[in-house]
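The following paragraphs walk through a few local features of one model. Please keep the sequence and the coordinates at hand while reading.

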Amino acid sequence: MTPAERWVDEVARTTRPERVVWCDGSEEESRRLVDGMVADGTLLRLHPTAAPGSTLHRSHPSDVARTEHLTFIASRDKRDAGPTNNWMAPSEARARVGPLFEGVMKGRTMYVVPYVMGPLGSPFSRVGIEVTDSPYVAANMRLMTRMGEPARRQLGASESFVPGLHSTGDLSPERRYIVHFPEERLIWSVGSGYGGNALLGKKCFALRIAGALARDEGWMAEHMLILELELPGGEIHYIAAAFPSACGKTNLAMMVSPFERVGYKVRTVGDDIAWLRPGTDGRLWAVNPEAGFFGVVPGTGPDTNPNAMATISHDTIFTNVAVTSDGIPWWEGKEKSAPPGLIDWQGKPWDGRSKAAHPNARFTAAARQCPSMSARWEDPQGVPLSAIVFGGRRARLAPLVFESRDWEHGVFVGATMGSETTAAATGQVGVVRRDPMAMLPFCGYNMGDYFAHWLKMGRTLSRPPRIFHVNWFRTGHDGRFIWPGFGENLRVLMWMIDRVKGVAAGADAPIGVVPTPDALNVDGLGLGRGDLERLLTVDRDEWAAEVPEMRAFFDRFGDRLPPELSRALESLSRQVVTARV
Ligand code: OXD
Ligand code: MN
């Protein structure tokens with residue numbers, strides 16, 4: 001028996017499934033899985049010509065988003081989980097969560113899903129094995145990862161894999177736990193079928209466990225999209241961007257260039273996760289460890305994201321969207337008006353007042369279906385980054401874009417990011433919280449150590465990417481977004497690349513370098529008088545008011561906070577406060 005087979009055997013002895021199926025990833029297997037789920041009502045087949053090969057899954061209404069309060073880091077020492085994670089002692093996890101797996105798969109099929117995160121054959125890719133009693137999870141993993149035979153071949157008889165045990169249990173939030181054991185590189189998830197809680201290759205492995213591996217091995221696992229920008233003449237740059245969940249990573253990664261005709265082309269490498277490594281050339285190289293997209297559906301339409309619309313036009317698993325009586329999927333933002341006779345995400349006739357699709361309704365689709373994929377999206381060596389972008393959703397405060405002064409200052413900018421919460425996690429929506437590097441829910445160890453790791457990585461790079469911060473969400477006095485966003489965001493990326501090349505103007509501000517008004521191309525956008533000024537303004541009073549919140553956040557880390565970051569905060573504080581008197 002291989003180590004993988006031994007572990008699976010052990011799991012089966014605990015969970016006692018009726019049968020065990022090793023997934024091979026074939027078409028035939030996928031058909032069988034889907035047919036079975038259609039037969040028992042887990043999936044609904046959608047319209048054969050309007051959504052060929054696509055299906056709809058309706059979750060339990062209490063299981064529609066990540067549940068951060070039920071997500072734990074089970075490190076031996078509480079301090080290693082840090083103040084931003086829920087901690088559970090490994091022994092307590094075994095005593096409290098372990099029993100929930102006993103006999104949990106009785107009468108069910110246990111699917112064994114071997115999968116690779118990262119391009120096949122890449123020296124950077126890693127193998128995981130997810131054991132699950134959910135055929136929906138197995139079908140999603142097939143789209144999101146390189147799953148089945150290729151993973152089994154890559155693993156061989158090695159014991160180098162991340163085991164993940166998942167059961168939907170009874171779907172009760174009372175008995176729902178997502179537990180990570182960073183020292184053992186092990187994941188347990190029970191009581192949820194929602195993607196972020198149940199597709200263990202994604203957040204659990206590729207961010208939380210991979211983050212701990214990366215810290216130990218000298219690389220980084222980040223919540224970032226990766227895009228390719230080709231300039232007129234053919235010069236190519238790669239940009240990675242970290243925005244919190246449901247803040248437009250997929251839209252930016254799949255953006256259609258409004259300047260395609262003059263030679264600016266944008267292509268997609270990844271939309272959610274980036275694994276970053278220093279190359280021998282002193283640059284930082286990025287791979288997308290995923291093979292598909294698990295994207296937010298509402299707000300996706302032909303105007304906002306035509307590439308996503310093409311991607312999900314067939315062979316897509318939709319979760320919690322609305323549907324017409326003849327099976328055409330529908331959601332807010334797909335088109336202006338809703339078709340008659342709509343059935344809402346819970347399967348009831350739509351009342352026309354509530355949301356037809358759940359705000360966190362999702363699509364799962366293979367990346368190869370996306371027309372904007374870069375030819376290098378599966379490059380085993382990854383792509384070299386010219387820029388890293390941090391961004392939050394802030395109605396006020398942060399200007400449209402600014403550049404950090406250097407890597408160390410960039411780490412400070414990432415570490416102090418704030419953003420309004422969204423429907424991607426359960427809890428209140430629209431409240432500002434600190435979300436460093438968009439990793440608050442995904443950092444599998446003490447975030448103070450994580451900041452130190454960022455600083456250390458910077459010291460290994462002789463040609464580091466430049467670090468920027470953006471905010472597409474600033475509003476005017478009327479409460480509406482000032483910046484048009486979507487494809488027009490390319491104008492901001494163009495300024496960044498011009499900064500990288502040393503040809504764009506910027507003005508020094510206490511928070512970094514902000515474009516001078518004429519350095520940003522806003523031709524034809526019809527921005528009103530004062531709009532550009534408002535977009536680029538650094539309001540010292542607002543920043544001065546933010547400083548105590550940043551300080552309170554930093555204070556939570558005690559002596560695990562790198563001194564470079566406290567110094568950067570005091571320097572910002574001096575500048576905004578001094579400037580006021
Ligand atoms: C996601 C998330 O699903 O960040 O990508 O919640
Ligand atoms: Mn995400």
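**A helix pair, a metal site and a loop residue**

Helices H11 and H12 run roughly antiparallel to each other, because their axes cross at roughly 155° and an angle over 145 degrees falls in that class. This is a predicted model. In it, H11 spans residues 407–415 and H12 spans residues 447–459, and their axes come within 9 Å. The crossing of H11 past H12 is right-handed. On the H11 side, the contact is made by Trp-407, Glu-408, Val-411 and Ala-415, and on the H12 side by Phe-451, Trp-454, Leu-455 and Gly-458. By class, these contact residues comprise 6 nonpolar, 1 polar and 1 charged.

The next site is the metal. The manganese ion (ligand 2) is coordinated at 2.2 Å by NZ of Lys-203, NE2 of His-223 and OD of Asp-272. Along the chain, the donors follow the spacing K-x19-H-x48-D. His-223 sits in the loop between strands E12 (220–222) and E13 (225–230), while Asp-272 sits in the loop between strands E15 (265–270) and E16 (274–278), so this pair ties together parts that are 49 residues apart in sequence. Both His-223 and Asp-272 are buried.

Is Ser-462 buried or exposed? Its relative accessibility is 59%, so Ser-462 counts as exposed. Leaving aside neighbours within four places in sequence, Ser-462 is in contact with Asp-281 and Gly-282. Between the C-alpha atoms of Ser-462 and Leu-284 the distance is 9.4 Å, although these residues are 178 apart in sequence.

How values were computed: Residues are numbered from 1 along each chain as its sequence is written. Chains are lettered from A and ligands numbered from 1 in the order in which they are written. This is a predicted model: local features need pLDDT of at least 70, side-chain atom pairs count only at pLDDT 80 or more; totals for chains, interfaces and linings use all residues. Side-chain values use heavy atoms; hydrogens and water are left out. Axes are lines fitted to C-alpha atoms, for helices over the stretch in contact, and angles run from 0 to 180 degrees between N-to-C directions. Helices (H or I, at least four residues) and strands (E, at least two) are DSSP runs, numbered from the N terminus. Angles under 35 degrees count as roughly parallel, over 145 as roughly antiparallel, 65 to 115 as roughly perpendicular and the rest as oblique. A crossing is left-handed if the near helix is turned anticlockwise from the far one by less than a right angle, and right-handed if clockwise. Contact means heavy atoms within 4.5 Å. Ala, Val, Leu, Ile, Met, Phe, Trp, Tyr, Cys and Pro count as nonpolar, Asp, Glu, Lys and Arg as charged, and the others, Gly among them, as polar. Donors are N, O and S atoms within 2.8 Å of the metal (3.2 Å for Na, K and Ca); water is not among the atoms, so sites may look incomplete. Buried means under 20% relative accessible area, exposed over 50%, partly exposed in between (1.4 Å probe, protein chains only).
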